[in-house]
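Here is a structure to be read step by step through questions and answers. Please look over the sequence and the model before going on.

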Amino acid sequence: MGGKLTKSSTDRVFSGVCGGIAEFTGISAWAIRILFLLLPSNLLIYIILAFVIPEED
């Protein structure tokens, strides 16, 4: 598991939210992306996280 939750600068499709969560948890980024597709209100959650999670240094 990573130290601090940040958006990924290397593993990104749109804003790096799923890549950042994957780096933080140690789970595959594609698994996180599939979870987002299956979640209800996924777009709203993703948009909120894109604004809340800071960029990687």
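Q: Which side chain does a polar contact join to that of Ser-15?
A: The model is a predicted one, in which local features need pLDDT of at least 70 and side-chain atom pairs count only at pLDDT 80 or more, while totals for chains, interfaces and linings use all residues. Residues are numbered from 1 along each chain as its sequence is written, and side-chain values use heavy atoms, with hydrogens and water left out. A polar contact is a pair of N or O atoms within 3.5 Å, where within protein one must be able to donate a hydrogen and the other to accept it, and where residues adjacent in sequence count only if both atoms are side-chain atoms. At 3.2 Å, the side chain of Ser-15 makes such a contact with the side chain of Tyr-46.

Q: Is Ser-15 buried or exposed?
A: Ser-15 belongs to the segment before helix 1, helices being DSSP runs (H or I, at least four residues) numbered from the N terminus. Apart from neighbours within four places in sequence, Ser-15 is in contact (heavy atoms within 4.5 Å) with Lys-7, Tyr-46 and Ala-50. A residue is called buried under 20% relative accessible area, exposed over 50% and partly exposed in between, with a 1.4 Å probe and protein chains only. Because the relative accessible area of Ser-15 is 15%, this residue counts as buried.

Q: With which side chain does the side chain of Lys-7 make a polar contact?
A: Lys-7 also sits in the segment before helix 1, which covers residues 17-25, and with a relative accessible area of 7% Lys-7 is buried. Leaving aside neighbours within four places in sequence, the residues in contact with Lys-7 include Ser-15, Val-17, Ala-50 and Ile-53. The polar contact, at 3.2 Å, runs from the side chain of Lys-7 to that of Glu-55.

Q: Against which helices do the buried residues of helix 1 pack?
A: Within helix 1, the buried residues are Val-17, Cys-18, Gly-19, Gly-20, Ile-21 and Ala-22. The elements that these buried residues pack against are helix 2 and helix 3.

Q: Within what arc do the buried residues of helix 2 fall?
A: Helix 2, residues 29-38, has as its buried residues Ala-29, Ile-32, Arg-33 and Phe-36. Seen down the axis of helix 2, these residues line one face of the helix, because their directions all fall within an arc of 100°. The arc is taken from the directions that lead from the helix axis to the C-beta atoms.

Q: What is phi of Ser-41 near?
A: Ser-41 is placed in the loop between helix 2 and helix 3, where its relative accessibility of 51% makes it exposed. Most residues other than glycine have a negative phi, and most peptide bonds are trans. Ser-41, a residue other than glycine, has a positive phi, with a value near 60°.

Q: Which element gives the largest share of the lining of the largest pocket?
A: On a 1 Å grid over the protein atoms alone, a pocket is an open set of points where a 1.4 Å probe fits, with protein on both sides within 12 Å along at least five of seven lines, and lining residues have an atom within 4 Å of a point. The largest pocket is lined by 16 residues, of which Phe-14, Cys-18, Arg-33, Phe-36 and Tyr-46 lie nearest its centre. Helix 1, helix 2 and helix 3 are the elements that give two or more residues to this lining. The largest share, five residues, comes from helix 2.
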